[in-house]
Each structure stands twice: as C-alpha cells, then as structure tokens.
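I opened this notebook to record what I looked up in one structure. The entries run from the whole chain to single residues.

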Amino acid sequence: MRIILYAGAGMGHDWIFEVLGDLRDYALANGLPAVAAKAEETLAVARAEVAAQRDLPGNGNASGGGRAH
C-alpha cells in the first residue's frame, strides 16, 4: 500500500489522476472489474474536463486551485 500526501497549492489536477489510477489498479488486482471499469471511465472524464478547462479563454494555465462545488 502506498501513502501519498497531497499538497493543495501547486498540485493542480494531477493528484486526481493518480488517485483514480490507483483505484483502478487496486480494483483490477482484487477482482473488482466493474469498479476498475468505472475508475477508468472516470479517468477519461477527468482528463477531458481538465483539458477543456485549460482551453478556456483566460486560462493560460488552469492550475485547478478552485473547486467545482
């Protein structure tokens, strides 16, 4: 098991890709293929949203410091 402490500032959205990837890998290694598939699907959605956010006018470098909720 890996323990990762995430620093809020400066991390951008990278941490979420790491967490979702770890969840997918855990699910695959432990016989949870539906969970793994949903984690992979969520990774794809997260990548698309982050890319779209970076492409917005005025977001030269959307670091992800804000929250959607």
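**Entry 1: the chain as a whole**

I began with the secondary structure and found two helices and zero strands in the protein chain. Helices (H or I, at least four residues) and strands (E, at least two) are DSSP runs, numbered from the N terminus. I noted that this is a predicted model, in which local features need pLDDT of at least 70 and side-chain atom pairs count only at pLDDT 80 or more, while totals for chains, interfaces and linings use all residues. Residues are numbered from 1 along each chain as its sequence is written, and side-chain values use heavy atoms, with hydrogens and water left out.

I then looked up burial: 16% of the 69 residues of the protein chain count as buried. Buried means under 20% relative accessible area, exposed over 50%, and partly exposed in between (1.4 Å probe, protein chains only). The accessible surface of the protein chain is about 5300 Å², and carbon and sulfur atoms hold 60% of that surface. Such areas come from the Shrake-Rupley method with a 1.4 Å probe; for residues, only the protein chains shown count as cover.

**Entry 2: the helix pair**

How are two packed helices described? I used the angle between their axes and the distance between the axes. For helix H1 (residues 14-29) and helix H2 (residues 33-54), I recorded an angle of about 165° and axes 8 Å apart. H1 is therefore roughly antiparallel to H2, a term for angles over 145 degrees. The axes are lines fitted to C-alpha atoms, for helices over the stretch in contact, and angles run from 0 to 180 degrees between N-to-C directions.

Which residues make the contact (heavy atoms within 4.5 Å)? On H1, I listed Phe17, Leu20, Gly21 and Ala27 among them. On H2, the residues include Val35, Ala36, Ala39 and Glu40. By class, I noted eleven nonpolar, two polar and five charged residues in the contact of H1 with H2. Ala, Val, Leu, Ile, Met, Phe, Trp, Tyr, Cys and Pro count as nonpolar, Asp, Glu, Lys and Arg as charged, and the others, Gly among them, as polar.

Leaving aside neighbours within four places in sequence, Ala27 is in contact with Leu32, Val35 and Ala36.

Gly21 also lies in helix H1, and I recorded it as buried at 8% relative accessible area. From Gly21 to Glu40, 19 residues apart in sequence, the C-alpha distance is 7.5 Å.

Last, I looked up Glu41 in helix H2. Glu41 counts as partly exposed because its relative accessibility is 44%. Its C-alpha atom is 9.7 Å from that of Arg24, 17 residues away along the chain.

Methods. Angles under 35 degrees count as roughly parallel, over 145 as roughly antiparallel, 65 to 115 as roughly perpendicular and the rest as oblique. Contact means heavy atoms within 4.5 Å.
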